[in-house]
Amino acid sequence: MQSRREFLGQAVILAGGLILPAGVEAAAKAAAALSYDVVIYGGTSAAVTAAIQTARMGKSVAIVCPETHLGGMTTSGLGWTDTKQVAAIGGLAREFYHRIWLYYQNPEVWTRQERSSYLGLESQSGPAMDDKSQVMWTFEPHVAEGVMEKWLAEEKIAVHRGQSLNRKNGVVKQGARIVEIAATSGRRFRGKVFIDAGYEGDLMAAAGVRYRIGRDSAEEHDEPLNGIRFMVKGVDRYYNEDEYRGVDPYITPGVPKSGFISGIEGVFDGKEKLGQADHRLQSFNYRLCMTNDPGRRVYISKPQNYDERLYEILFRLYAAGQTSSFSTQPMPNNKTDSNAKGAMSFDFIGGDSSLVGHWNYSEADDKTRRKIVAAHRNYQQGLLWTLQNHPRIPPSVRDEMSKWGLDAEEFESNGHWPYQLYVREARRMIGQTMVTQHHVQRKPGYDVADSIGLGSYSLDSHIVRRVVVDGKIQNEGGFYVWWTTPYPIPYGAVTPKRAEATNLLVPVTLSATHAAFGSFRMEPTYMILGQAAATAAALAIDRKSAVQDVDYTALSKRLAADGQVLTARRPPAA
């Protein structure tokens, strides 16, 4: 039987030495730049599919990334694949989910449950394990990582890990063309075309491409979901008028002068207007792989700098009758993909105020980013410890919550904690085409003539902040508008303005409003766009053209030949 460790280790052996550990980089600071046709910055799932597609088109390629573990959220706990229409997922993205399905065909990998017991489980849009279509939409984190590593090894992809971009002066340009990039280690990488496949958009920003952080105004593109907003009954699927169960927002209940309990930004008093643009972003969290199997359950320890004041809302919610605080979507072998659930849960809403909120993450230097990441882990670990141990949590709840722990088989080098913080939104490029809520909802007049793939998720933003309105706690900034009709994504959304960069493609922090990005920000979509960006990069190299001048007919023909789904039915008339 192939063990979990052997499965991951095999990928490194198959790489033939091309996957480089960070430790060998220091000695190469003074070395000449390494040259490739395409240089991909970032370690996300988009980076993986971009690299695979580049290699299959006969171009030399390297992934340069700060991460040690590749795959982004796909390999860091997000096994509950976000899509509402699986028919929209083709190409390399579908190949990935097929490879997952192939892995789980082996009876020996079902170590904690029978495969038959998992058949029939529903995912977000159909069978989790779809034997008819030979794809699987749910999976264990180490399996996703092993599949991706083996895939990269098969294509002999060079991966330079632990290489953070020197964001101050690490991008060398000649006019609007990027010539090379440098990491903080001193390593340098030259390319004909560059792809920024990071969650943060660091290469894009350092290259001088314009972008936004935060929410656009609702007025700018006539988008009801943009800007400052509260959920609306009949519009937002998860509207809940009494989500906080009447919990008092003040340290001394009923006494505003005592100040707000932790987790509340302030009073929403009309100085900010609904629909107004601002700097804030939706909340981040970790997607935890948990288990209630006593043989693998890892005890949740109390954080060293635990501060029970962070959880005052939680205490009051449970006193008012709340019964759960995280989801347990089932993954194979009695594991979970656990996400936020309820008024106070895994999302660190507002983030650490001492770090100016999680919306500061995008522009923060590497040291500050590490502090923000640590603050999220501390908060989430402390929340779990609180649910399992604190005397202000009802005994019945503590008993139930104590059945859960981190899974000992996952993320062994990181204390069983996921490698990647779920950065749901960071920078967003101002590119050739700005995609809006209306493109996603396929409104008349928003047709796309240069589709490079389909998006397939609802319009979804997690909560931005908590505020007090008329003495009551309310969530501000979230939305969830159910949408199941796939929509085309334009090539212009991944291409910068010509004057800013002629050999850069941006498939993750692409050109979209905050409202539209709420649908784009899903792992299958990132994989689709990674493949599309790589295809365009290869065509630009072949024709010695700017990425803005890639012939769309040739691009769409190659994408279709490689299985990408480019068109979908229109929604019924309203």
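1. In this predicted model, the side chains of E154 and R99 form a salt bridge in which the closest N and O atoms are 2.9 Å apart. The pair links distant parts of the chain, since E154 belongs to helix α5 (residues 141–154) and R99 to helix α3 (residues 91–103), 55 residues apart. E154 counts as partly exposed because its relative accessibility is 39%, whereas R99, at 19%, counts as buried; the cut-off for buried is under 20% relative accessible area, and the label given to R99 should be read with that value in mind.

2. A salt bridge also joins K335 and E410, with 2.8 Å between the closest N and O atoms. K335 lies in strand β17 (residues 335–337) and E410 in the loop between β18 (405–407) and β19 (428–429), so this pair ties together parts that are 75 residues apart in sequence. Both partners are buried: K335 has a relative accessible area of 2%, and E410 has a relative accessibility of 1%.

3. K335 and E410 also belong to a network of salt bridges, in which they are linked with R112, E140, D293, R296, D407 and E409.

4. R521 and D460 meet through their side chains in a salt bridge, at 3.0 Å from N to O. Here again distant parts of the chain are linked, with R521 in the loop between α11 (514–520) and α12 (523–542) and D460 in strand β21 (residues 459–461), 61 residues apart. R521 counts as buried at 3% relative accessibility, and D460 counts as buried at 8%.

5. On charge as a whole, the protein chain carries 66 positive and 62 negative side chains, and the centres of these two sets lie 2 Å apart. Side chains of opposite charge can pair when their charged atoms come close. The count of salt bridges comes to 46.

6. As for the fold, the secondary structure of the protein chain consists of 13 helices and 26 strands. Of the contacts between residues at least 6 apart in sequence, 77% join residues at least 24 apart.

7. The overall dimensions agree with those of a compact globule, because a chain of 574 residues would then have a radius of gyration near 25 Å and the protein chain has 23 Å. Along its principal axes, the C-alpha trace spans about 70 × 60 × 55 Å.

Definitions and conventions
Residues numbered from 1 in each chain as written. Predicted model: local features only at pLDDT ≥ 70, side-chain atom pairs only at ≥ 80, totals over all residues. Heavy atoms only, no water. Helix = DSSP H or I, 4+ residues; strand = E, 2+ residues; numbered from the N terminus. Rg over C-alpha atoms; globule rule 2.2 N^0.38 Å. Contact = heavy atoms within 4.5 Å. Lys, Arg positive; Asp, Glu negative; His and termini not counted. Charge placed at Lys NZ, Arg CZ, Asp CG, Glu CD. Salt bridge = Lys/Arg side-chain N within 4 Å of Asp/Glu carboxyl O. Buried < 20%, exposed > 50% of the residue type's maximum accessible area, 1.4 Å probe, protein only.
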